[in-house]
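This report covers selected local features of one protein model. Please look at the sequence and structure below before reading on.

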Amino acid sequence: MFTRKPTSRFIFFTLILVLFLSFLITIKASDPTPNANDEEDLESLEELIALDEEEERQEQQEGSHSVRPSEAEVLTKAQRIVLELNNDNTKRAIDGNEFVLILGYAPWCARSAELMPQFAEAATSLKELGSPLLMAKLDADRHTKAASTLGIKGFPTLLLFVNGTSQAYTGGLSAEEIVIWARKKTGVPLIRISSVAEADEFLKKYHTFVIGLFEKFEGPDYDQFVKAAISDNEIQFVETSNIDVATVLFPDIKDTNHFLGIVKSEPERYTPYEGTFKMDKILQFLDYNKLPLVTKLTELNSARVYSSPVQLQVIVFAEVDEFKNLLEPLQEVARKFKSKMMFLYVDITDENLAKPFLTLFGLEEAKNTVVTAFDNKISSKFLLQSDLTPINIEEFCTRLLDGTLSPYFKSETIPDNKEASIQIIVGKTFDDLVLSSPKNVLLEVHTPWCISCETTSKHVEKLAKHFKGLDNLVFARIDASTNEHPKLQVDEYPALFLYPANDKANPIKLSTKSGLKELAASINKHLKAKDHVKKDEL
């Protein structure tokens with residue numbers, strides 16, 4: 001007996017088979033196809049979660065001698081919980097889960113980069129709370145097909161899918177606010193706390209919340225409380241029937257059987273509700289009291305701030321170190337105007353936030369502390385022009401509240417118009433040189449960025465030469481980007497206005513699209529002086 005040796009044909013076939021199988025394995029590992037198992041991505045997510053749980057158990061077993069993970073490690077772990085979507089798995093993720101919260105982002109977007117760690121931290125918290133919500137992210141700049149299907153057009157965009165149907169995200173952008181909004185939208189509008197120990201743990205996680213104390217969790221007042229909890233998108237609601245628990249959360253409770261109040265992490269920490277238990281009244285109370293006495297404006301909370309119903313806003317622009325000295329006295333002033341006006345702080349070195357505001361005052365290059373105010377009801381702005389003291393700030397706010405504060409209008413310094421054929425008007429001289437002038441005034445309104453303003457300016461210069469013998473007509477121009485006046489309201493540039501000597505309250509708007517001769521004829525028509533004046537030829 002002998003063992004038959006493999007033939008060369010058999011060896012060749014075996015080698016080809018091995019190479020073919022290796023090629024298939026490589027392709028499957030590096031480039032998943034649309035025919036892959038529908039559960040593959042979700043199973044990968046479950047494996048990552050299981051791995052995280054195993055790491056947590058190991059950390060607990062290591063005890064107090066274990067090294068605390070770095071912030072970067074915590075963030076990396078949190079980001080693994082968030083499912084990475086692409087053109088192939090997006091639909092499967094949405095269809096395969098009851099609740100999916102998707103962050104559409106672009107790698108180059110600064111606001112996306114700022115939101116990403118908050119989103120990842122929220123994902124970790126929701127996982128620990130046992131939330132059924134799947135957190136996912138989509139590089140919408142790379143996976144344009146999926147982004148288009150979801151309707152993502154800007155960055156960052158947050159969308160919640162409930163049983164495949166999308167709804168816009170309307171919550172805040174901090175990790176805590178994302179968690180609160182997500183839980184409310186997935187069936188947990190409020191938290192019930194039954195023991196002091198639970199209350200102590202709750203205080204470690206939440207900085208702002210609404211507490212409701214009820215003898216029984218039933219009745220019309222309680223129903224209105226629950227409706228408010230469901231309707232609100234930003235604040236965590238908690239309920240308890242235990243007075244000991246309630247006093248841990250809100251120490252100064254007066255009504256031991258029936259109470260509602262808001263708690264914030266600041267000196268003005270506790271604010272009781274004194275109105276009737278109606279959903280709309282409760283929500284109105286929260287709108288006027290949910291922000292701190294002085295709120296630092298950031299990219300993340302800007303939407304929340306701008307949506308406030310408080311019409312009066314006082315905004316302080318200062319460097320961080322300067323503001324530290326100003327914060328306490330500013331809080332004292334803010335406390336006197338609580339619920340009547342909003343106090344905001346903006347880091348004056350943050351160009352993205354500070355410059356747009358300061359440009360409205362012509363102070364975009366300001367380095368020192370600036371105090372401004374806005375009345376959004378009448379679209380007016382105000383500037384504190386006296387010394388920066390608590391007394392002056394309080395007086396500034398008092399006059400803002402009672403309507404006696406004069407609005408601020410930008411103005412350049414007064415120029416020298418001697419011998420000028422066209423007078424330069426600034427905000428400070430508009431009254432004297434235009435409205436109070438005994439002569440007719442033809443005013444050109446322009447801006448540096450206006451493309452067609454240059455043509456109009458040349459026309460005005462030629463018209464000024466053409467009518468130079470007319471003593472009762474003055475030509476003037478004003479740069480609307482750096483000068484303002486309450487009686488100069490212009491919607492588009494350039495603009496030409498003829499202010500008649502005997503009716504300055506009703507200026508005549510001339511067409512800037514007309515040619516020189518048409519403009520000259522129009523001026524003559526309105527002045528009725530063409531036969532009495534010697535003019536140069538146009």
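## Basis

A polar contact is a pair of N or O atoms within 3.5 Å; within protein, one must be able to donate a hydrogen and the other to accept it, and residues adjacent in sequence count only if both atoms are side-chain atoms. This is a predicted model, in which local features need pLDDT of at least 70, side-chain atom pairs count only at pLDDT 80 or more, and totals for chains, interfaces and linings use all residues. Residues are numbered from 1 along each chain as its sequence is written, and side-chain values use heavy atoms, with hydrogens and water left out.

## Asp-139

A polar atom of the Asp-139 side chain lies 3.2 Å from the backbone nitrogen of Asp-141. Asp-139 belongs to strand E3 (residues 134-139); strands (E, at least two residues) and helices (H or I, at least four) are DSSP runs, numbered from the N terminus.

Asp-139 is buried but has no salt bridge, and Arg-142, the nearest side chain of opposite charge, is 5.5 Å away. Buried means under 20% relative accessible area, exposed over 50% and partly exposed in between (1.4 Å probe, protein chains only). A salt bridge needs a side-chain nitrogen of Lys or Arg within 4 Å of a carboxyl oxygen of Asp or Glu; Lys and Arg count as positive, Asp and Glu as negative, and His and the chain ends are not counted.

## Positive phi

Asn-163 has a positive phi near 55° without being a glycine. Asn-163 is exposed, at 57% relative accessible area. Ser-379, also not a glycine, has a positive phi of about 55°, and its relative accessibility of 68% makes it exposed.
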